[in-house]
Amino acid sequence: MSNRRRFIAHAGAAASALAFPLVGGAQPRAIRVGVLHPVTGALAYSGQQCREGALMAIEDINKAGGIRSLGGAKLEALLGDAQSTPAAGTAEIEKMNEAGVSAVVGAYASAICLATTQAAAKYNLPHVVDVGVADQIVERGLKNTFRFSPGYKKCADIALANLHVLNTAAGKPAKTVMIIHEESLFGTGTANLLARELPGYGYEVKEVVKHANPTRDFNNIVLRMKALNPDIVIPANYYNEYALLVRTMQQQKVTPKAIYSVLGGAASSYKFVKEFPQAADGIIDCNHWFNPRDKRSFDLKKRTEAKNIFYSYEVFLTYTATRLLADALERAKSTDRAAIINALETSTFSDHFLPYGPTKFVNGQNTGAQPLMTQVSGNDIKVIVPREYRQAEPVFPLKA
């Protein structure tokens, strides 16, 4: 074959390859995403739940074709353990940055998120906050930080307004309150907000009690509760301490008119309802929850439970936060951190099953995010407020 004919043949083959890429051709490079949670230490249960939510989201995104605008690039999770401390969370951010992640999802607890978002900001590393409710997280002007779910001020405001409505409708039987909270940024911040606002609604705050994480004995606190005899007990703590507190109340036969939680660690927990149904019965909570009218909420619940995992807010919040990040990557058409941050800033992400509507970030906070009010009834958790999502009528007070 002459050189000219050989060149034409090669040129034709190259053109065909460009027009019809081989199915078995090289895949685009995977996009590394940091998945950072406290999977050991005092917060290990919640951290493991968050991690599971993120991994299920990544599995779904990759099965659906990956990030199409980047040639179908798959997401690859780089797992990090914050060990239930801010310092360990910060160290993990350093490792993730060195490993070249494009963004981070995490890190559950407010105190950890406060540290990890600050650490990520040094590298202009996008950080999607999945749970952390402390409003300081999004009040420092960090351009890399985006919280999809509501903060504790929004949750406290909604909880207090609804408490006032429920109490007024019942003839105002509740007049006194006791607040019990864990010691970190989440519990202390929530308790301070509530203690400041409750008197304006006509409630006397009998006492605000702080406890350590972890706490393994609530007998003295519950004895104090018995002596004060508040109409309403408001706990703000993580799962283990919440469950132990309420069980101790049951054992000591302390029965206030209501256990009215604000971001209660076990109040809206299928695990708590299953393991301690009598202690859980009737508890009201203002917390992260899914849209009960969206079938996808229950599809993910069924899938989660098939793994012998309880369907908790940690699972569905981190699942959705990861999908928010994937949507931003799709629109950024790039793994460049500045481009991802811009895509998050302008996000209108609405392909989710939370009661938020389309996403709109202002100073890093999704303004449409809102909690729902739930109540444990008949060994299940039902939405009671707002009416558009209501599954059951609220029962208040529990004790006349």
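Q: Which lysine lies over the face of tyrosine 45?
A: In this predicted model, a charge sits over a ring if, for Lys, NZ is within 6 Å of the ring centre and within 35 degrees of the ring normal. Over the face of tyrosine 45, at 5.2 Å from the ring centre, you'll find lysine 271.

Q: How far from the ring centre of tyrosine 270 is lysine 301?
A: Here's another lysine over a ring: lysine 301 lies over the face of tyrosine 270. Tyrosine 270 also belongs to a cluster linked by ring pairs, along with residues including Phe298. The distance for lysine 301 from that ring centre is 4.7 Å.

Q: How many aromatic pairs does the model hold?
A: Rings pair up if their centres lie within 6.5 Å. Go by that rule and the count comes to 16.

Q: What kind of aromatic pair do tryptophan 289 and phenylalanine 316 form?
A: The partners come from distant parts of the chain, with tryptophan 289 in the loop between β10 and α11 and phenylalanine 316 in helix α12, 27 residues apart. Both tryptophan 289 and phenylalanine 316 are buried. Their centres are 5.9 Å apart and their planes make 85 degrees. Since over 60 counts as edge-to-face, the pair is edge-to-face.

Q: Which parts of the chain does the pair of phenylalanine 290 and tyrosine 311 tie together?
A: This pair is tilted, at 5.5 Å centre to centre with 40 degrees between the planes. Phenylalanine 290 lies in one loop and tyrosine 311 in another, so the pair ties together parts 21 residues apart in sequence: the loop between β10 and α11, and the loop between α11 and α12.

Q: Is tyrosine 311 buried or exposed?
A: Buried means under 20% relative accessible area. Tyrosine 311 has 0% relative accessibility, so tyrosine 311 counts as buried.

Note on methods
Residues numbered from 1 in each chain as written. Predicted model: local features only at pLDDT ≥ 70, side-chain atom pairs only at ≥ 80, totals over all residues. Heavy atoms only, no water. Phe/Tyr/Trp six-rings, centres within 6.5 Å; stacked < 30°, edge-to-face > 60°. Helix = DSSP H or I, 4+ residues; strand = E, 2+ residues; numbered from the N terminus. Buried < 20%, exposed > 50% of the residue type's maximum accessible area, 1.4 Å probe, protein only.
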